[in-house]
Amino acid sequence: VPTKTAGGLSSPCGAISATVPHHRWKSQPRGDFCGCIGTGDVMSDLPQADRIAGLPHPCETEHLFGHDGACAQVLEAFNGDRMHHAWMLTGPKGIGKASLAYHIARFLLAAEPTGNSLFGTSPPATSLFVPADLQVARRIRAGSEPGLCVLRRPVDEKTGKLKTVIPVDTVRELRRFFSLSAGGNGRRVVIVDCIDEMNANAANALLKVLEEPPQNAVLLLVTHQPSRILPTIRSRCRTLACAPLSPEDLQRAFAQALPEQAFDPGLTALAAGSVGQAAELSLTHGTDTYGAIVSLCHGLPQLDRNALLKLANSTVRATDGKLEQLLDLLDLFLARLARAGVSAPGQEAARGEAEVFARLCPGPAAARIWADAQLELSQRARQGKIANLDPSSLILDMGLKIEETASKILREKGLS
């Protein structure tokens with residue numbers, strides 16, 4: 001088991017420094033693991049930037065759902081001996097881009113060299129799938145594959161918390177990684193998860209690698225916001241656009257990630273094709289919170305003050321992330337409410353939602369009012385968090401603004 005390093009250059013499930021040759025890795029006690037060493041091993045308390053709490057790491061995902069088009073592009077390039085040295089995996093957060101990156105990495109590190117062999121020309125590959133019991137797959141899960149390097153936000157050794165960015169020192173260590181002798185089939189793969197989190201110096205250091213890519217190296221750059229990436233980096237990458245999952249693929253991916261968790265039908269509407277979002281909402285009872293918001297708005301234009309106070313106070317002594325989730329769900333509720341006035345109603349995210357939307361947003365004029373309210377409340381929430389305002393006061397203030405907006409709309413329609 002490799003030693004833990006401060007540089008942030010790590011294996012997907014553990015902390016492997018590319019500055020140390022693999023034959024010199026030293027064993028550490030199990031308490032020092034920086035991540036999963038396998039599905040049955042002890043997990044570390046250290047945070048991982050590329051892992052959602054309570055879910056398997058992307059390197060453990062056995063089957064991909066909803067990204068057949070992206071897989072086909074990679075296979076076409078590989079079979080045609082036109083494999084680009086850098087691929088940018090784009091799309092919303094949580095749809096499986098990191099899992100796709102690990103599937104590509106496993107495939108490239110396990111595949112036989114292209115071209116003629118002793119037994120003739122190798123047949124074209126038809127799938128990126130690599131059996132979980134193959135040695136390469138096992139090494140990746142164990143964090144001991146010398147041909148794979150993962151860049152992600154490292155842990156700050158002083159605070160024990162994740163750094164807010166991927167620093168330049170982490171990217172510079174790639175030079176040492178590429179200087180090591182390549183084993184196996186001679187390929188080396190780098191996964192950056194995600195490039196959005198690099199600071200300016202780190203992005204410039206990565207650009208230098210892309211300008212002069214090492215031989216038989218492939219870089220897989222995961223991004224949720226490609227428009228924010230340097231144009232000079234984007235221009236040197238081939239884009240793999242990944243779309244949100246269909247309802248069917250979302251349920252299948254959810255069942256694979258959380259086989260013992262029931263799939264709430266409301267997740268289809270709330271998660272917007274993101275299995276990561278669906279899993280987080282399920283594990284943190286987010287669907288119940290959204291249902292409470294819909295129930296609270298059932299009484300508009302007069303809010304139940306006790307129910308609003310209970311919802312606000314639920315964030316005071318809650319675990320980390322409860323306030324952020326509540327604010328996100330309030331924002332999502334208002335967005336769905338505004339859309340209801342200009343488009344056909346979709347699947348309900350909570351019982352009674354369609355009735356609330358039909359009454360509070362009967363047409364385009366009301367939709368514009370709710371859209372303006374959403375923008376204003378979203379700005380209030382951001383400013384409130386920056387100013388470290390009392391969470392319950394912030395929620396109460398937002399609830400009163402929603403009440404005021406509903407009163408205005410219903411009064412104009414003669415329904416208040």
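Helices (H or I, at least four residues) and strands (E, at least two) are DSSP runs, numbered from the N terminus. I'm working on a predicted model, where local features need pLDDT of at least 70, side-chain atom pairs count only at pLDDT 80 or more, and totals for chains, interfaces and linings use all residues. Residues are numbered from 1 along each chain as its sequence is written, and side-chain values use heavy atoms, with hydrogens and water left out.

I looked up N388 and found it in the loop between α15 (364-386) and α16. N388 isn't a glycine, yet its phi is positive, about 60°. N388 is exposed, at 68% relative accessible area (exposed is over 50%, buried under 20%, partly exposed in between; 1.4 Å probe, protein chains only). N216 also has a positive phi of about 60° without being a glycine, and it sits in the loop between α6 and β7 (217-223). N216 is partly exposed, at 46%.

Next I checked cis peptide bonds. One joins D193 and C194, with omega about 0°; another joins L300 and P301, with omega about 15°. P301 is in the loop between α11 (286-297) and α12.

**Core**

Of its 53 residues, Y290, F333, L360, W370 and I402 touch the most other members. Helix α13 (residues 322-340) gives the most to this core, nine residues. Leaving aside neighbours within four places in sequence, I found I402 in contact (heavy atoms within 4.5 Å) with residues including C297, L300 and W370.

Key. A nonpolar core is a set of buried Ala, Val, Leu, Ile, Met, Phe, Trp, Tyr and Cys residues joined through side-chain atoms within 4.5 Å.
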